[in-house]
Amino acid sequence: MAAPSGPEAAAAPGRRQPFGSRFLTDPSRLFQHNAWDNVEWSEEQEASARNKVQENSRQLVPQDKQDEYELNANEYWNDFYKIHENGFFKDRHWLFTEFPELAPNQNLSQPEASAYKDGSTRKPINTGLGSCENGLCSLETRTQEHHQLDSMKDGNNIINRLDADGEAILKLGDLKLSDGDFPGSSATYRILEVGCGAGNTVFPILQTNNDPGLFVYCCDFSSTAVDLVQTNAEYDSSRCFAFVHDLCKDQSPYPMPEESLDIVILIFVLSALLPEKMQRVMNRLSRLLKPGGMILLRDYGRYDLAQLRFKKGRCLSDNFYVRGDGTRVYFFTQDELDALFTTAGLEKVQNLVDRRLQVNRGKQVTMHRVWIQCKYRKPFPTGHKENGHIH
C-alpha cells in the first residue's frame, strides 16, 4: 500500500499524523488499557482472517431475500432508530482531531504529531485514528424542550419545517437553487453530513464550530433518524437543515446547488450501500463540492472484527453482509476507496488504515478492529491561483 501523499505527509516526513498514540511495546501491559493503536498483524493472523471470510462467504443469501433487503432498506433503518434512538452511538468529538476541517478557524487542542514507536517511516496501513471505540461514537439523550416540528414526506421523501404558526416555510421541491433560493445560501462555510443518524456528528460540529458563517446540512435515509435530529433541543434551523434523502436515487433532491459545499462527511455510511451503487453516489457528492472542497470518510476496513464474526448465510456478495436487523455492511480496502474517489474526479489527501487492538479487561478478551479514514479534495480548475500557486 502506498505511503501517505499530499501536504500532510510532505510537512512531516518520517512522522505519523496526530491520531492515536498509545502503543503496545510491552506485551505484559496488554490489559492495562482499553485500546492500543498501530497494532501489527502477523502473517498468521492475516491468513486466519482471510480463511474466516472465505468460510463465512461460502453460503450466500438467496437472491429473492437480497432483493427484499434492498427494497425495504429504509424500513430496516427506521426500525433501528426507533429501537436505539440516540442512545446507540457515542459522541464524536474525536472528529475534530481526525478532521480539523470541520472547525478550521477554532483554536482546538491538537496533539503534537509523533514518530512511529520505532522511529521508522511506515506505510499508512498501521496509522491510528483517535479514540472512538468500536467505530461507533454518541450524543447523550437531551431532555430539554423540543422545537415544534412537523415532518411531511412526499414521494421524494421531502421534509418541510414548520414555523411556530404551523405554516410550511421550506420545501426542497420548491427551491430555485440557480436563483440562490436555498437554506444556507448566505453562509461562507457549508458542511454536509451524509447519513446523519440521530445527529451524533452534526451537534458536536454546531457546538464546536462557532464560525458565524457556518451552515450544516445533514441527511439520512431514515425519516425516524431525521425526526430525532429535528426534535433535538440543540437543533437550530438558522445554522442547520436536516432532511430525508435517498443517496441511491438520482432524482432525490439536495437542498443546495452543485459546487456549493466546502465539506462532505461520511462516517460509517458508504458501507451500508449496495456496492454497485457506490460510484454513482460518490460522483454526485463530488459535484456538490466547491473546487478545493473535501470529502471526509471513515468506514469499515477489510477483516475488521465485525466481518470475521458473521456466520455462514449472512453474506450477500464478496465482503458485503446483512446483519440480523436487516441493515447491511461492506468492508473496504484502501484501493477500493481510492478508486471510488479518483473516478469521481477527486485527489487524494489522506487514505489511512487503523488496525486497533481493543481490550475487554474484565473478560481478558482482545478484539482487532480495522477502520479506514480518507480525505479527498476536488481539484481547482487549471490556471486557478490559490495561496500564490497556479494550479
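**View 1. Helix H2 and the elements that cover its buried residues.** In this predicted model, the elements covering the buried residues of H2 include helix H9 (305–308), strand S9 (315–317) and strand S10 (320–322). The residues of H2 that are buried are Ala49, Val53 and Asn56; they lie on the same side of H2, because the arc that they cover around the axis is only 75 degrees. On the face of H2 turned away from this buried side are the exposed residues Glu43 and Glu44. The helix itself runs through residues 43–56, and its 14 residues reach 20 Å from the first C-alpha to the last, close to the 20 Å expected at 1.5 Å a residue.

**View 2. The salt bridge between arginine 355 and glutamate 46.** The side chains of arginine 355 and glutamate 46 form a salt bridge, with an N to O distance of 3.7 Å. Arginine 355 has a relative accessibility of 7% and therefore counts as buried, whereas glutamate 46, with a relative accessible area of 24%, is partly exposed.

**View 3. The aromatic pair of tyrosine 321 and phenylalanine 331.** The structure holds 12 aromatic pairs by the rule applied here. In the pair shown, the ring centres of tyrosine 321 and phenylalanine 331 are 5.9 Å apart and the ring planes stand at 75 degrees, so the pair is edge-to-face. Because tyrosine 321 lies in strand S10 and phenylalanine 331 in the loop between strand S11 (328–330) and helix H10 (334–343), the pair ties together parts that are 10 residues apart in sequence. Tyrosine 321 is buried, with a relative accessible area of 0%, and phenylalanine 331 is likewise buried, with a relative accessible area of 0%. Both rings belong to a cluster in which ring pairs link Phe268, Tyr300, Phe310, Tyr321 and Phe331.

**View 4. Threonine 327 in the loop between S10 and S11.** Threonine 327, which is found in the loop between S10 and S11, has a relative accessibility of 2% and so counts as buried. Its side chain makes a polar contact of 2.7 Å with the side chain of aspartate 325. When neighbours within four places in sequence are left aside, the residues in contact with threonine 327 are Tyr76, Trp77, Tyr321 and Val322.

**View 5. Glutamine 373 in strand S13.** Glutamine 373 is part of strand S13, which spans residues 365–377, and with a relative accessible area of 0% this residue is buried. The side chain of glutamine 373 makes a polar contact, at 3.1 Å, with the side chain of glutamine 350. Isoleucine 267 is 106 residues away from glutamine 373 along the chain, yet the C-alpha atoms of these two residues are separated by 9.2 Å.

View 6. Side chains of opposite charge can pair when their charged atoms come close. A search of the whole structure finds 13 salt bridges, and one of them joins the side chains of glutamate 258 and arginine 287, at 3.4 Å from N to O. Glutamate 258 lies in the loop between strand S6 (240–244) and strand S7 (261–267), while arginine 287 lies in helix H8 (residues 278–288), so this pair ties together parts that are 29 residues apart in sequence. Glutamate 258 is exposed, with a relative accessible area of 52%, whereas arginine 287, at 39% relative accessibility, counts as partly exposed. A salt bridge is also formed by lysine 378 and glutamate 259, whose closest N and O atoms are 3.5 Å apart. This second pair links distant parts of the chain, 119 residues apart, with lysine 378 in the loop between S13 and strand S14 (385–386) and glutamate 259 in the loop between S6 and S7. Lysine 378 counts as buried at 13% relative accessibility, and glutamate 259 counts as partly exposed at 45%.

Methods. Residues are numbered from 1 along each chain as its sequence is written. This is a predicted model: local features need pLDDT of at least 70, side-chain atom pairs count only at pLDDT 80 or more; totals for chains, interfaces and linings use all residues. Side-chain values use heavy atoms; hydrogens and water are left out. Helices (H or I, at least four residues) and strands (E, at least two) are DSSP runs, numbered from the N terminus. Buried means under 20% relative accessible area, exposed over 50%, partly exposed in between (1.4 Å probe, protein chains only). A polar contact is a pair of N or O atoms within 3.5 Å; within protein, one must be able to donate a hydrogen and the other to accept it, and residues adjacent in sequence count only if both atoms are side-chain atoms. The expected span of a helix is 1.5 Å times one less than its number of residues. The arc is that of the directions from the helix axis to the C-beta atoms. Contact means heavy atoms within 4.5 Å. Rings of Phe, Tyr and Trp (its six-membered ring) pair if their centres lie within 6.5 Å; planes under 30 degrees apart count as stacked, over 60 as edge-to-face and the rest as tilted. A salt bridge is a side-chain nitrogen of Lys or Arg within 4 Å of a carboxyl oxygen of Asp or Glu.
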